[in-house]
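The following report describes selected helix and strand packing in the structure shown below.

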Amino acid sequence: MTDELLKVEHLKKYFPIRKSFFKRSSLYIKAVDDVSFIMRRGEILGVVGESGSGKTTLARLILRLIKPTSGTVYFDNIDIFKLSEKEMRRLRPKMQMIFQDVTASLNPRKNVRDILAQVYKTHTSLSKKEIDQNIEKLLTSVGLTPPHIFMNRYPYELSGGQRQRVNIARAIALEPELIIADEPTSALDASLKRQIVDLFKHIYEERKGKLSYIIISHDISLIYSLTQKTLVMYLGRMVEYGDTKKIIHDPKHPYTIMLISAVPVPDPDIERNRKIFIGGEPMTLESTFVGCPFYNRCPFATEKCKKETPPLVRLDDGRYVACWLYS
Amino acid sequence: MSNILEIKRLTVEYKVPEGVIKALDKIDLYVKKGEILAIVGESGSGKTTLAHSIARLLPKNARIVEGSIIFHTRKGPVDLTKISEEEMRKIRGSMIGMVFQDPMTYLNPVMKISDQIIEGLISHKKISKKDAEAKTLDLLKKLRIPNPEYVAKSYPHQLSGGMKQRVIIAMAMINQPDLLIADEPTSALDVTVQAEILELFKELRKEYGVTIIIITHDLGVAVRIADRIVIMYAGKIMEIGDVREVFKQPLHPYTQGLLGSILSISENVRKGFILKGTPPDIFNPTRGCKFHPRCPFVMRDICINEDPPLFHVGNERYVACWLYRGVSS
């Protein structure tokens with residue numbers, strides 16, 4: 001085992017736009033466009049962006065739920081796109097996903113025991129008794145206690161927060177190395193959201209150093225509370241990447257500055273003195289467009305931004321920014 | 001400042017196959033003319049039922065069991081719970097405007113934007129189509145919609161989510177209502193678009209003097225735009241006060257827990273305790289104070305048996321908690 005859990009290199013995913021059924025289109029949407037980063041074992045990475053930024057497509061690529069247009073993903077130094085289906089199936093237990101829709105991801109006709117037992121039946125050769133013991137342990141560790149009561153419940157008998165706990169239990173059942181959670185709290189109320197965040201932290205501490213998370217969200221306060229590193233995406237491109245606290249307290253890319261300034265802070269003293277810097281809407285990118293995707297909303301945009309893609313450059317404090325202001 | 005709305009002992013029930021649910025329980029609230037009032041609560045708190053009661057848009061299985069909603073119109077006070085549907089229709093759209101969470105539900109997909117806005121205008125006023133069109137365009141410009149001529153001629157599917165929400169706001173504002181009710185108006189939007197819509201509400205108040213009630217689950221949104229805040233839980237009002245004061249010193253244990261639980265990008269946000277347990281089960285209402293099963297300060301004898309009234313504890317400050325009995329000013 002090396003220190004490097006995940007290496008994403010020049011990952012691209014273009015979706016073609018079909019104008020007619022018979023014509024092969026030369027138009028496409030760049031959902032993920034040249035994303036590269038390295039994730040260390042035991043790291044918590046946040047991927048933040050607004051709708052259409054490509055963050056969910058990035059997650060699906062990393063899990064090989066879809067194939068990339070180009071680029072590679074190394075998981076434990078293995079190029080996952082070179083694996084056969086069979087080899088990939090053996091790798092799957094190490095990478096788990098938690099989805100946004102807590103209800104749709106649970107089979108309504110199975111009780112909690114069956115939902116969790118399915119995982120063990122598919123990937124292990126444990127006996128029925130061992131599976132039950134494991135499920136009891138799992139439910140306890142996600143706070144569904146006493147476990148024997150929750151085992152026999154069906155999803156409709158659970159609250160939204162409890163359902164998400166079952167989803168988390170399923171994700172951690174096989175002791176994965178990586179959990180990707182896509183908007184894990186967006187369907188939950190404030191008090192439940194906090195409880196789920198605390199549960200993520202608790203599980204992380206329990207398996208310290210062995211478990212990594214990628215948290216995908218548009219909710220910057222969630223990213224701030226849970227992650228160590230942050231990747232900011234805009235229209236498929238990485239615009240800023242680095243230490244979470246640095247990025248949120250001192251954003252450098254004009255888009256990140258706009259994004260952070262837009263987040264309402266529940267503190268009247270802060271809100272009163274805040275400068276909110278907003279405007280415009282994301283443009284529809286032409287396939288041939290080569291400039292900075294943010295230039296139409298950027299107050300600092302120059303002619304160069306319209307014509308040339310800014311490269312991702314490393315700043316002195318270790319973060320990466322894709323903006324001509326810094327190159 | 002005079003009141004535009006006075007709600008007294010408002011109680012609303014829903015009839016469902018499992019029985020009867022009390023969604024609002026003796027709500028007392030006034031709304032001042034020209035203010036922005038935020039009503040904050042988690043799901044099941046009754047905040048949307050409250051908004052729908054004022055607009056008289058409750059679903060068929062809902063019933064106002066008790067109470068009154070006095071709306072002070074330019075022609076004098078009217079009890080919105082008593083008037084006929086016909087009279088209500090005249091008030092809705094002309095004196096009370098509404099903005100809801102999902103713009104697509106309220107936009108007709110096969111009708112041009114300008115026609116949808118004009119419809120609201122000509123159904124309440126005698127105005128020529130040409131004048132109505134001019135007025136619509138003028139309003140779209142005031143709402144700082146880029147390229148208003150294009151937007152007016154568009155169909156809903158041609159517009160982005162943020163633009164659709166601006167159109168909904170235009171529809172709500174076209175007759176210059178005295179009161180605007182916005183139910184989670186930005187929850188479906190990206191944060192940068194949300195910020196723009198919130199700025200727009202502030203400008204509407206400045207420009208037209210319209211009173212705004214905004215329903216939200218996001219305390220940050222409330223802080224950003226509201227003057228006063230109402231905290232709801234399980235169909236009851238827990239606390240009312242000036243936004244700054246409530247955040248500086250939350251009185252109700254639920255408010256304290258809520259502030260302690262929210263995630264924020266600021267380190268300065270007040271640290272209260274973290275709310276434990278689950279939100280109330282509407283099918284099994286709690287005896288006594290609705291919050292007592294989750295309250296760290298619960299007093300055995302009283303809180304579990306008796307529901308606290310809303311105590312007046314200071315300048316425009318109200319709190320429904322037995323801890324403040326006798327503190328009244």
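Helices (H or I, at least four residues) and strands (E, at least two) are DSSP runs, numbered from the N terminus. This is a predicted model, in which local features need pLDDT of at least 70. Residues are numbered from 1 along each chain as its sequence is written, and chains are lettered from A in the order in which they are written.

In chain B, an open sheet with mixed pairing is formed by 8 strands, in the order β6-β7-β8-β3-β9-β10-β12-β11; two strands pair if DSSP finds at least two bridges between them. Its edge strands, β6 and β11 of chain B, each pair on one side only. From one strand to the next, the twist averages 20 degrees. Within chain B, β3 and β8 pair in the parallel sense over 5 bridges, and B:A38 stands opposite B:I214 in β8(B).

| Strand of chain B | Residues |
|---|---|
| β3 | 36–40 |
| β8 | 211–216 |
| β9 | 228–233 |
| β10 | 236–242 |

Helix α11 (residues 253–261) of chain B lies across β9 and β10 of chain B and runs at about 100 degrees to β9(B). Angles run from 0 to 180 degrees between N-to-C directions, and axes are lines fitted to C-alpha atoms, for helices over the stretch in contact. Contact means heavy atoms within 4.5 Å.

Between the chains, helix α10 (residues 254–262) of chain A packs against helix α8 (residues 191–208) of chain B at an angle of about 55 degrees, with their axes 8 Å apart. The contact is made by A:M258, A:L259 and A:A262 of α10(A) together with B:V191, B:T192 and B:A195 of α8(B).

Conventions. Predicted model: local features only at pLDDT ≥ 70, side-chain atom pairs only at ≥ 80, totals over all residues. Heavy atoms only, no water.
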